[in-house]
Amino acid sequence: MRIGAHVDQADPLAEAAARSAEAVQFFLADPQGWKAPKAREDADRLRAAEVDLYVHAPYVINVATLNNRIRIPSRKLLLGHANAAAEIGAKGLIVHGGHVNAGDDLAKGFDNWRKTFAYAAESGGFPVPVLIENTAGGENACARRLDALARLWDVLGDHEVGFCLDTCHAHAGGEELLDLVDRVKAITGRIDLVHANNSKGGFNSGQDRHDNLTGGTIDPELVVAVIRAAGAPVIVETPGGVSGQAADIAFLHDRLGTGV
């Protein structure tokens with residue numbers, strides 16, 4: 001089981017070494033902006049690294065929305081990030097499930113996800129696995145609660161799509177962590193990555209506020225149980241910089257018996 005952290009994009013391999021991380025996740029562009037990712041000068045070094053690489057798509061991407069001025073550029077940007085992720089040898093591109101606006105038909109949001117994969121297929125498809133991540137808030141979200149996730153997967157059944165399970169988002173989104181992996185896999189058939197985060201917000205608070213694994217409102221052993229059941233690589237997206245994330249990685253290795 002590979003355990004790592006979300007790190008700064010400037011030198012991901014140095015960040016991995018500082019944390020004793022076996023995997024890293026990072027952005028390839030401004031997470032709050034619409035600019036396409038640029039080619040990286042260290043692409044050869046990243047491709048050759050023993051550290052597993054994951055790319056997180058910008059937060060602004062929302063392919064589900066009925067707003068054309070957001071949805072259409074979101075599709076283009078998602079495909080651009082997938083191509084850039086492939087260039088550095090990333091194992092997956094993580095993107096949030098998105099939402100529709102209040103009063104809009106959520107079914108159209110699910111169908112917009114289908115159209116996103118159809119759009120990518122026109123140019124040969126996504127060159128890396130796209131991992132849709134569950135989200136913490138919003139009553140009109142495509143991947144907050146499992147009933148919505150099931151509807152999304154029904155629509156995407158003809159496409160190859162992965163899933164990233166975030167423990168903070170699940171807890172804050174109103175899904176109990178106990179037996180969550182079984183319930184998710186009953187829908188998706190897979191969990192490709194776990195974002196192991198505690199939550200500053202309470203259960204069903206809708207608050208996307210991560211905390212270190214031994215802090216927050218989730219019993220840390222529940223997070224460990226989710227990871228053990230999922231059997232997937234793990235990324236911590238926790239605060240505290242190098243020391244905070246290194247402590248979280250060490251905590252997981254200790255509890256999972258995967259330490260060196």
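Ser 20 is exposed, because its relative accessibility is 57% and the cut-off for exposed is over 50%. The structure described here is a predicted model. Ser 20 sits in the loop that runs between H1 and strand S2 (23–26). Its phi is positive, at about 55°, although Ser 20 is not a glycine.

A positive phi is also found at Asp 179, with a value near 65°, and this residue too is other than glycine. Asp 179 belongs to the loop between H6 and helix H7 (180–188).

## Packing of H1 against H9

Helix H1 (residues 12–19) packs on helix H9 (residues 241–256) with the axes 8 Å apart and at an angle of about 60°. H1 and H9 are therefore oblique to each other. On the H1 side the contact is made by Glu 15, Ala 18 and Arg 19. On the H9 side it is made by Gly 241, Val 242, Gln 245, Ala 246 and Ile 249. By residue class, the contact of H1 with H9 divides into 4 nonpolar, 2 polar and 2 charged residues.

Asp 248 is also a residue of helix H9. Asp 248 counts as buried because its relative accessibility is 3%, where buried means under 20%. Not counting residues up to four places away in sequence, Asp 248 touches Asn 212, Leu 213, Thr 214, Val 236 and Thr 238. From Asp 248 to Arg 209 the C-alpha to C-alpha distance is 16 Å, and the two residues are 39 residues apart in sequence.

## Gln 25 in strand S2

Strand S2 contains Gln 25. This residue is buried, with a relative accessible area of 0%. The side chain of Gln 25 makes polar contacts with two side chains: that of His 6 at 2.8 Å and that of Glu 237 at 2.9 Å.

His 6 and Glu 237 are also among the contacts of Gln 25 when neighbours within four places in sequence are left aside. Ala 49 lies 24 residues from Gln 25 along the chain, and their C-alpha atoms are separated by 14 Å.

## Two histidines of helix H6

Helix H6 (residues 167–173) holds His 169. His 169 is buried, at a relative accessible area of 2%. Its side chain is joined to the side chain of Glu 133 by a polar contact of 3.2 Å. The side chain of His 169 also reaches a backbone atom, the oxygen of Asn 134, at 2.8 Å. Beyond residues up to four places away in sequence, His 169 touches Glu 133 and Asn 134, and with them His 96, Thr 135, Ala 136, Asp 208 and His 210.

His 171 is in helix H6 as well. With 11% relative accessibility, His 171 counts as buried. Its contacts, leaving aside neighbours within four places in sequence, are Leu 177, Ser 199, Gly 201, Gly 202, Phe 203, Asn 204, Thr 217 and Ile 218. His 171 and Gly 206 are 35 residues apart along the chain, with their C-alpha atoms separated by 8.6 Å.

## Aromatic pairs

The structure holds 4 aromatic pairs. One of them joins Phe 117 and Phe 126, whose ring centres are 5.2 Å apart; their planes stand at 75°, so the pair is edge-to-face. Phe 117 and Phe 126 are both buried. Another aromatic pair is formed by Trp 153 and Phe 163, with 5.9 Å centre to centre and 85° between the planes, which is again edge-to-face. Trp 153 is in helix H5 (residues 146–155) and Phe 163 is in strand S6 (residues 162–166), so this pair ties together parts that are 10 residues apart in sequence. Both Trp 153 and Phe 163 are buried.

Phe 117 and Phe 126 also belong to one aromatic cluster, together with Trp 113.

Technical notes
Residues numbered from 1 in each chain as written. Predicted model: local features only at pLDDT ≥ 70, side-chain atom pairs only at ≥ 80, totals over all residues. Heavy atoms only, no water. Helix = DSSP H or I, 4+ residues; strand = E, 2+ residues; numbered from the N terminus. Buried < 20%, exposed > 50% of the residue type's maximum accessible area, 1.4 Å probe, protein only. Polar contact = N/O pair within 3.5 Å; in protein donor to acceptor, adjacent residues only side chain to side chain. Contact = heavy atoms within 4.5 Å. Phe/Tyr/Trp six-rings, centres within 6.5 Å; stacked < 30°, edge-to-face > 60°. Axes fitted to C-alpha atoms, helices over the stretch in contact; angles between N-to-C directions. Parallel < 35°, antiparallel > 145°, perpendicular 65-115°, else oblique. Nonpolar A, V, L, I, M, F, W, Y, C, P; charged D, E, K, R; others polar.
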